[in-house]
Amino acid sequence: MSLSKQFRKLFISSLLNNARAFSTSGCRHSNTLLHRTVNRHRRLKEGSTDYQDIGEDQTNDRTVEVVELQLDLAAKQREQKEIETFKEKYPDFLPRTDLISRRDFVIEMLHRRDMFKRRQNLTVPEFYVGSILAVTVSDSYSPNKENRFVGICIQRQFAGLQHNFTLRNVIYGQGIEIKYDLYNPNILSIECLKMEKRLDPELFYLRDCAPEHSTFPLDMEKVPAPKGKDVPINDIKVVLNDPPWLERWERRKDLKGITGNNRTLTKRQKQRALLSEKPWRENDLMLEYRHSLRDDEVRHIKNIVDRFEEREQRRKEEAQKDNIVQS
């Protein structure tokens, strides 16, 4: 036997021995335990209920590993859902821009402090685009020195102290839209009469729809929100009026809440619409990275807002106790 064949035989035998050792022990040393085995016994000893549905004959390493992966995936999904819910519920606390080079963290902190001070005197309810609100503001020209307007929220934009929302209502056949600054000191109260979402982030196409989709009585009673459930989504699809429209809705393919958008385009209009869409941006990862907000930053802001809400809840409870003792 030549030297090369003997060396090859020894090399293959050593590989097989190492593979057998790793396959039987799972690690380099045979007198050690796997981390997942130690964690399984530790959790079973602590009385965790995550493994009660697994029988004694099924509590092997593979089953425990699969269960741990499922639990981790479920926890990540819950955390991601909480982050997305926070983005929709508190868009005013998010940064003004997603570009890190244009952000000023000191200004964001100072704005957040002023927003907390304002929320101590004004109860800002939870509302979304598509919810029906009633806003009362101080008006020196009104007989009662107050003015109350009811309408559907069609837009929420900007962040921080500049955050505003727009309400729309049709009164005596005339469409009226009022834009309110959320942290305007002239606002006396904000009441959510009906909390729901729509299929689109903006509802400007209600201007080119029938008036009944934007008509709400000024003395509308409050509809109680479902407790312990997600915010209901109104999947209604409104019908557009005949053209001309205020905007070219036929070019907006991302709108889900309208129907009757069958207006045909000319060849030149189709070419211009294709250029304006810029489909190559969908695969631009760096563009998405520069214009997206990281989850860790949203989580940090969410923790700050949660601490403020807990502190306010304790303050209200203490105030109620003091009023009961004084009475």
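How many bridges pair β1 and β2, and in which sense? β1 and β2 pair over 7 bridges, in the antiparallel sense.

1. Basis. This is a predicted model: local features need pLDDT of at least 70, side-chain atom pairs count only at pLDDT 80 or more, and totals for chains, interfaces and linings use all residues. Residues are numbered from 1 along each chain as its sequence is written, and side-chain values use heavy atoms, with hydrogens and water left out.

2. Sheet. The order β4-β3-β2-β1-β5 describes an open sheet of 5 strands with antiparallel pairing. Its edge strands, β4 (174–181) and β5 (187–194), each pair on one side only. From one strand to the next, the twist averages 35°. Strands (E, at least two residues) and helices (H or I, at least four) are DSSP runs, numbered from the N terminus. Two strands pair if DSSP finds at least two bridges between them.

3. β1 to β2. Serine 138 has glutamate 146 in β2 as its bridge partner. Lysine 145 sits in the loop between β1 (132–138) and β2 (146–157). Its phi is near 60°, positive in a residue other than glycine. Most residues other than glycine have a negative phi.

4. β2 to β3. These strands run antiparallel and are joined by 5 bridges. Glutamine 155 has threonine 166 in β3 as its bridge partner. Glutamine 157 stands opposite asparagine 164 in β3. The two strands form a hairpin with 6 residues between them.

5. Phenylalanine 158. This residue lies in the loop between β2 and β3 (164–171). Is phenylalanine 158 buried or exposed? Phenylalanine 158 counts as exposed because its relative accessibility is 55%. Buried means under 20% relative accessible area, exposed over 50%, partly exposed in between (1.4 Å probe, protein chains only).

6. Cis bond. The peptide bond from proline 243 to proline 244 is cis, with omega near 10°. Proline 244 is in the loop between β6 (238–239) and β7 (258–259).

7. Helix α4. Valine 106 lies in helix α4 (residues 105–121).

Definitions and conventions: Axes fitted to C-alpha atoms, helices over the stretch in contact; angles between N-to-C directions.
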